[in-house]
Amino acid sequence: MNQLENWFFDLDNTLYRKPDLFKLIDKRINLFVMKFLNLDNDRAEALRKSYFYQYGTTLRGLIDNFSVDPVNYLDYVHDIEIRKFLKSDFSLKLSLENIKGRKFIFTNASKGHAEAVLDSLGIKECFEEIFDTGHFCYHAKPESVTFEKIAADFDGKNIMVDDYPKNIEAAKRTGFYTVLVGKGTSGYADAQIDDVHSIETAAEEIKNSF
Ligand SMILES: [Mg+2]
């Protein structure tokens, strides 16, 4: 029985915040949708947004409606030189090292993208494993099936750290403890921090919920 604390960190907009990088990924998703469905930019943008709200990710919507190849899709949208955007973050590394328990990445992105981000931030060795959307057969947060799979595989105290309130709600409903990062609001967060660099404060706070 594993009774350690298991920390699951979202990647994008949680471990770093770079609006320019995020915009570029969105742009590449639009480009993929334009080419794949032969749409103009405005219609691709509208579809991307509606799939995001309806399915959690554009990818899930494209799989369900058009049987898109997820590997092609993920390779295309994450074909970005991450190092141009992210620098080594030693203070984050120290904070993560001070957190007791096992640490994992739980992201809707691909493993390749997650590795590039962790490499650039210099925090790859802080995490035991990356659970990407492929790990969940291309289902994605906030779908409950993803949190249920993690909960079935880890029977300790599971803690989700994420910037997206819908993910925090779904995690909480599945029995996770939750840390909301950023300016969002959620009645389902056990702790909230403006920035991931305050994760040690959240770790102290969350113990009160155990
Ligand atoms: Mg995020």
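His135 lies in the loop that runs between β3 (129-131) and α7. The C-alpha atoms of His135 and Arg102 are 18 Å apart, and 33 residues separate the two in sequence. Keep in mind throughout that the model on screen is predicted.

**The whole chain**

Nine helices and six strands make up its secondary structure elements. Along the principal axes, the C-alpha atoms fill a box of roughly 50 × 35 × 30 Å. The radius of gyration is 17 Å, which agrees with the value near 17 Å that a compact globule of 210 residues would have. Of the 210 residues, 38% count as buried. Take the contacts between residues at least 6 apart in sequence: 59% of them join residues at least 24 apart.

**Two domains**

Colour by domain next. The domain assignment gives domain 1 as 5-16 + 87-209 and domain 2 as 19-82. Domain 1 therefore comes as two segments in the assignment, and domain 2 as one. The centres of the two domains, taken over C-alpha atoms, are separated by 23 Å. Where they touch, domain 1 contributes 17 residues and domain 2 contributes 10 residues. On the domain 1 side, the touching residues are six nonpolar, eight polar and three charged.

**The cores**

Which residues have the most contacts inside the largest nonpolar core? Select Phe8, Ile159, Val161 and Val179; the core they belong to has 38 residues. Now show the elements that give two or more residues to this core: the strands β1 (5-9), β2 (102-106), β4 (157-162) and β5 (177-181), and the helices α6 (111-121), α7 (144-153), α8 (165-173) and α9 (199-206). Among these, α6 gives the most, with five residues.

Centre the view on Ile159. Leaving out residues up to four places away in sequence, Ile159 touches Glu5, Asn6, Trp7, Phe8, Phe176, Tyr177, Val179 and Ile206. Then move to a second, separate core, which has 13 residues, including Ile29, Ala44, Leu62 and Tyr73.

**Strand β4 and its partners**

Return to β4. Is this strand enclosed or open to the outside? Five of its six residues are buried, so β4 is largely enclosed by the rest of the structure. Show β1 beside β4: the two run parallel and are joined by five bridges. Within this pairing, Asn6 stands opposite Asn158 in β4. Next show β5, which also runs parallel to β4 and is joined to it by four bridges.

**Lys157**

The last stop is Lys157, which is placed in strand β4. How many C-beta neighbours does Lys157 have inside 10 Å? The count is 19, so Lys157 is classed as partly exposed; the buried class requires 20 or more. Apart from neighbours within four places in sequence, Lys157 is in contact with Glu5, Asn6, Tyr177 and Phe210. For a distance across the model, draw a line from Lys157 to Gly112: they are 45 residues apart in sequence and 28 Å apart in space, C-alpha to C-alpha.

Notes
Residues numbered from 1 in each chain as written. Predicted model: local features only at pLDDT ≥ 70, side-chain atom pairs only at ≥ 80, totals over all residues. Contact = placed C-beta atoms within 7 Å. Nonpolar A, V, L, I, M, F, W, Y, C, P; charged D, E, K, R; others polar. Rg over C-alpha atoms; globule rule 2.2 N^0.38 Å. Buried ≥ 20, exposed ≤ 12 C-beta atoms within 10 Å, placed from the backbone. Core = buried A, V, L, I, M, F, W, Y, C linked by C-beta atoms within 7 Å. Pairing = 2+ DSSP bridges.
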